[in-house]
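I opened the notebook to go through this model in order.

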Protein chains: 2
Amino acid sequence: MTKNAFKTFDAQELEIQATTELKPLVPETELVFGKHFTDHMITIEWSSEAGWNKPHIKPYGKLELEPSSVVFHYGFECFEGMKAYKDTEGHIRLFRPEMNMDRLNKSSARLGMPTFEPEELVKVITEFLRIEDRWIPSKRGYSLYLRPSIIGTQTALGVRAPDTALLFVIASPVGPYFSTGFTAIRLLATTDYVRSWPHGTGDCKVGGNYAPCVKPQSIAAEKGYQQNLWLFGEDDQVTEAGTMNFFMLWENFDTGRKELVTPALNGLILPGVTRDSILSLVKSWEAETGIFVREGEITMADILKAVEEKRMIEMFGAGTACIVSPIKCINYKGKDIEIPLGKTKNDSEAGPLTKRINDTILDIQYGVVEHPFSRIIL
Amino acid sequence: MTKNAFKTFDAQELEIQATTELKPLVPETELVFGKHFTDHMITIEWSSEAGWNKPHIKPYGKLELEPSSVVFHYGFECFEGMKAYKDTEGHIRLFRPEMNMDRLNKSSARLGMPTFEPEELVKVITEFLRIEDRWIPSKRGYSLYLRPSIIGTQTALGVRAPDTALLFVIASPVGPYFSTGFTAIRLLATTDYVRSWPHGTGDCKVGGNYAPCVKPQSIAAEKGYQQNLWLFGEDDQVTEAGTMNFFMLWENFDTGRKELVTPALNGLILPGVTRDSILSLVKSWEAETGIFVREGEITMADILKAVEEKRMIEMFGAGTACIVSPIKCINYKGKDIEIPLGKTKNDSEAGPLTKRINDTILDIQYGVVEHPFSRIIL
C-alpha cells in the first residue's frame with residue numbers, strides 16, 4: 001500500500017458526462033423495488049497505487065469487468081440502501097445519510113477494501129440527485145432508492161485485499177412498501193440455517209450475508225411464511241427478521257413496565273439506520289407513552305411466555321425498504337404462535353405504536369415535521 | 001420456475017468462436033497464480049424461463065453486466081479450483097473432476113442457483129482444453145489451473161433466488177507452489193474472527209466465505225505468520241488452515257497408535273478434493289506404514305499436549321493449489337508452538353509422510369503412476 005491508498009476522493013473534482021438519451025419515467029403504479037434505474041450512475045475507481053480517482057457521473061450502463069475480477073469469486077462486495085425524498089416544497093432530502101456512509105466504510109474495511117471521506121460521497125450523491133431530479137417521486141411513500149456499493153475489481157485470483165476497487169451508486173424509483181394499509185407478515189423461525197455468528201460479518205452489510213439466506217427463505221415461502229426469523233444459540237435468541245431488525249413491544253416480566261425491545265448490537269445484528277431512529281424516537285416519547293426502550297437479548301422462550309401470559313403487545317421488523325413491517329405470527333418448532341396486532345380500529349394489521357413509528361418517520365422523511373434526522377440537500 | 005429451469009446443458013451443442021489473435025505464452029519463470037489467462041473462456045447462460053442455454057467457448061474477455069446484477073450486491077457466486085495436467089506422453093489429465101463438478105452444484109444450490117449435469121461440463125472443459133492445449137505446461141509441478149464459476153446475473157435488486165445466472169470457466173497456467181523444495185509455514189491461530197459456523201456455508205465454496213478472511217490474514221501477515229489457523233467453539237477446535245484443510249500426524253493419546261487426523265466434515269469444513277484423496281491414499285498404505293487415518297475433532301489443547309509430550313510428528317495444510325503445505329509453527333494465545341517437521345535429511349521443511357503424500361499425488365496427477373484419481377481426457 002502506498003500513502004496514496006488512503007487519499008480520499010474530492011467531490012469538487014467530479015466529472016459529469018450527461019446521457020444523450022433520457023429514459024421515459026416509469027409510472028408510479030408500475031414501480032417495483034430495484035427494477036428500474038435512472039439515467040446516470042456514480043462511479044469512483046480506487047487503486048492501492050493511486051488511491052481514489054476522481055468521482056464520475058456518467059450514463060447508466062453495464063460494468064465491464066474481467067471474469068477474473070475478485071468480486072465474482074471471493075465476495076468482495078458491500079453496499080448500502082438509502083432513499084432520497086422530495087418534500088412538499090420541492091426540496092430533496094436524505095435520511096441520516098452519514099449513518100449509511102459510515103456503515104459502508106465499516107463494511108468495506110471489514111473486507112480489506114478502501115474507505116473514503118463520508119461527506120464527500122454525500123456531496124457527489126447530491127450532484128447526482130440534482131441531475132436525476134425528475135426521477136425522485138414527490139408523493140408520500142414514494143422515493144428514489146439509492147444503492148451505493150463497493151466491489152473488489154482486482155483481476156488476479158490470489159485471495160488478498162484487492163489492489164483495485166470500484167465504488168458505484170445506482171438509483172431506482174420506488175413506491176411504498178405497503179400501498180394500501182399494512183399487511184402483517186408471518187415468520188418461520190429457523191434453526192436449520194444460521195445467518196450470522198460472533199466474530200463473523202453479521203454486523204456489516206456485505207454481499208456474503210445475503211445469498212445464503214435465499215434457500216431458507218424459499219423454504220419459508222413454500223410453507224406460507226414471508227420471511228425467516230433468524231435465531232442464534234442454544235437458547236434460540238432472536239437476531240433478525242428476514243433482512244430487517246426485530247422489535248417487540250411487551251410488558252416486561254420482571255419490571256412489569258411496557259418496553260420496546262430489540263436485540264443488542266452484539267456483532268450478529270446489522271446496525272440498522274431505521275433501528276437506531278426508532279430507538280431514539282420511542283425514547284423521546286417515554287414520558288408521554290410510558291414505554292421504555294431496551295436493547296437486549298430476546299429468546300423464543302421469552303416470546304412464547306409473553307404471548308401465553310398476554311404480555312405481548314406488538315411486534316415488527318424494521319428497515320429502509322418498509323420502515324416497519326408488522327409481524328402477526330411466528331412458526332416455531334412446527335407451531336404457529338399468534339402475535340397480537342394491537343387494538344386500532346383503522347388498521348387491523350398494525351398496532352398503534354408500530355403505526356405511530358411509521359407515520360412519524362414518514363413525516364420526518366418528507367419534511368412534514370422538521371427533525372435533525374432529515375437533511376435538506378437541495 | 002418453469003420445467004425448463006431444470007434442463008441441463010448439452011456439450012454436443014457447444015458453439016465455438018475462436019479468437020483471431022492468440023496471446024503470447026507466459027514464460028514458466030513468470031507464472032504467478034491466477035494472474036495470466038488463456039485465449040478463451042467457457043460461458044453458459046441460465047435463466048429460470050429457459051434453463052441452460054448452449055455452452056459457448058469464446059475469446060477470453062470482459063463480462064458486461066448491469067451494475068444492478070445481484071452478483072455485485074448479494075454474494076451470488078460460487079466457484080471451483082481444479083487443474084489440467086499434461087503427462088509425459090502428452091495426454092491431458094484431470095484429477096477427480098467429478099468431485100469438483102459435484103461440489104460446484106452443491107454450492108450453487110445452496111445459494112438458490114442452478115445445477116447442471118456434471119459430466120456435460122467435463123465434456124465442455126475437455127473441448128476447451130483441446131483448444132487451449134498450448135497453454136498446458138508439461139513440466140512436473142506445472143499445470144493449467146481451471147476456475148469454473150457460477151454467478152447470479154439477475155438485474156433486479158430483490159433478494160431472492162436469481163432468475164438468471166452465468167456459468168463461466170477461465171484458465172490460468174500455474175507453476176509449482178514450492179519451486180525449490182518445501183517451505184513450511186507459520187500460522188496464527190485466531191479466535192477474534194470465525195471463518196464458518198454450524199448451519200452456515202463453511203462446507204460450500206461460495207464467495208462470501210473468502211473476503212471476510214483477508215483482514216484476519218493481513219493481521220497474521222503483519223505479525224509474521226503466513227496464514228490463519230481457523231478455530232471454532234469454546235474448546236478451540238481446529239477447522240481450517242488459511243484456505244486449506246488441516247492435517248496432523250501424531251501418536252494418539254488413547255490408543256498410542258500413529259494417526260493421521262483431519263477435522264471431520266461437520267458443516268464447517270470445505271470437503272476438499274485433496275483432503276479426500278489424502279485420506280484414501282494414506283488408508284491404503286496402512287498395512288505398510290502402521291499409520292491409521294481418522295476424521296474427527298482436534299482441539300488446540302490436543303495440539304499443545306501432543307507437542308509437549310512429543311507425540312506430534314507432522315502437520316500440514318492441503319489443497320489444490322499446493323497439494324500439501326507443511327506447518328512448522330502455530331501461534332496460539334500469543335505463544336509460538338513449534339511443530340516438528342519429521343526427520344528427513346533431504347528436505348528439512350517437510351516430514352516423510354507429508355513429502356510422500358505430495359510425491360504420490362504428483363505421480364498420479366502426471367500419470368507417472370496410473371490411478372483411478374487421474375482421468376485421461378485427451
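**Entry 1: backbone angles**

I started at Ile323(A), which is found in strand E18 (residues 323-332) of chain A. This is a predicted model, so I treat every value here as computed. Ile323(A) has a positive phi of about 65°, although it is not a glycine. I noted that because most residues other than glycine have a negative phi. Is Ile323(A) buried or exposed? Its relative accessibility is 7%, so Ile323(A) counts as buried.

I then looked up Asp236(A). Its phi is near 50°, again a positive value in a residue other than glycine. Asp236(A) lies in the loop between strand E12 (227-232) and strand E13 (237-241) of chain A. With 9% relative accessibility, Asp236(A) counts as buried. The cut-off I used for buried is under 20% relative accessible area.

**Entry 2: aromatic pairs**

How many aromatic pairs does the structure hold over all chains? The count is 30. I picked out Tyr85(A) and Tyr366(A). Their ring centres are 5.1 Å apart and their planes stand at 75°, so I logged the pair as edge-to-face. The cut-off for that label is planes over 60 degrees apart.

Where do the two tyrosines lie? Tyr85(A) is in strand E7 (residues 82-86) of chain A, and Tyr366(A) is in the loop between helix H7 (352-365) and strand E20 (374-376) of chain A. The pair therefore ties together parts that are 281 residues apart in sequence. Tyr85(A) is buried, at a relative accessible area of 3%. Tyr366(A) counts as buried too, at 4% relative accessibility.

Next I turned to chain B. Trp250(B) and Phe253(B) form an edge-to-face aromatic pair, 4.9 Å centre to centre with 70° between the planes. Trp250(B) counts as buried at 3% relative accessibility. Phe253(B) is partly exposed, with a relative accessible area of 21%.

Phe253(B) has a charged neighbour as well. Lys305(B) lies over the face of Phe253(B), at 4.2 Å from the ring centre. I checked chain A for Lys305(A). Its charged end sits over the ring of Phe253(A), 4.2 Å from the centre.

I also logged a ring cluster. Ring pairs link Phe72(A), Phe168(A), Phe72(B) and Phe168(B).

**Entry 3: salt bridges**

Over all chains, the structure holds 48 salt bridges. I went through several in chain A.

Arg134(A) forms a salt bridge with Asp39(A), and the closest N and O atoms are 2.8 Å apart. This pair links distant parts of the chain, 95 residues apart. Arg134(A) is in the loop between helix H2 (118-131) and strand E9 (143-152), and Asp39(A) is in the loop between strand E1 (15-16) and strand E2 (40-47). Asp39(A) is buried at 3% relative accessible area, whereas Arg134(A) is partly exposed at 33%.

Glu98(A) and Arg375(A) meet through their side chains in a salt bridge of 3.1 Å, N to O. Glu98(A) lies in helix H1 (residues 97-110) and Arg375(A) in strand E20, so the pair ties together parts 277 residues apart in sequence. Glu98(A) counts as partly exposed at 30% relative accessibility. Arg375(A) is partly exposed, at 25% relative accessible area.

Lys355(A) forms a salt bridge with Asp359(A), the closest N and O atoms being 3.6 Å apart. Why are these two separated by about one helical turn? They are 4 residues apart in helix H7 of chain A. Lys355(A) is partly exposed at 24%, and Asp359(A) is partly exposed at 29%.

One network also went into the notes. Asp87(A), Arg93(A) and Glu370(A) are linked in it by salt bridges.

**Entry 4: chain B against chain A**

In chain B, 58 residues are in contact with 59 residues of chain A. The area buried between the chains is about 4,800 Å², and carbon and sulfur atoms give 65% of it. Pro67(B), Phe72(B) and Trp197(B) supply 14% of the area that chain B buries against chain A, more than any other three residues. Phe72(B) is also in the ring cluster I logged above.

How many salt bridges run between chain B and chain A? The count is 0. I found 25 residue pairs in polar contact between the two chains. Several elements of chain B each supply at least two residues of the side that touches chain A, including helix H1 (97-110) and helix H3 (214-222). E9(B) gives the most to that side, with 4 residues.

Methods
Residues numbered from 1 in each chain as written. Chains lettered and ligands numbered in written order. Predicted model: local features only at pLDDT ≥ 70, side-chain atom pairs only at ≥ 80, totals over all residues. Heavy atoms only, no water. Phe/Tyr/Trp six-rings, centres within 6.5 Å; stacked < 30°, edge-to-face > 60°. Buried < 20%, exposed > 50% of the residue type's maximum accessible area, 1.4 Å probe, protein only. Lys NZ or Arg CZ within 6 Å of the ring centre and 35° of its normal. Contact = heavy atoms within 4.5 Å. Buried area = accessible area lost by both parts, 1.4 Å probe. Salt bridge = Lys/Arg side-chain N within 4 Å of Asp/Glu carboxyl O. Polar contact = N/O pair within 3.5 Å; in protein donor to acceptor, adjacent residues only side chain to side chain.
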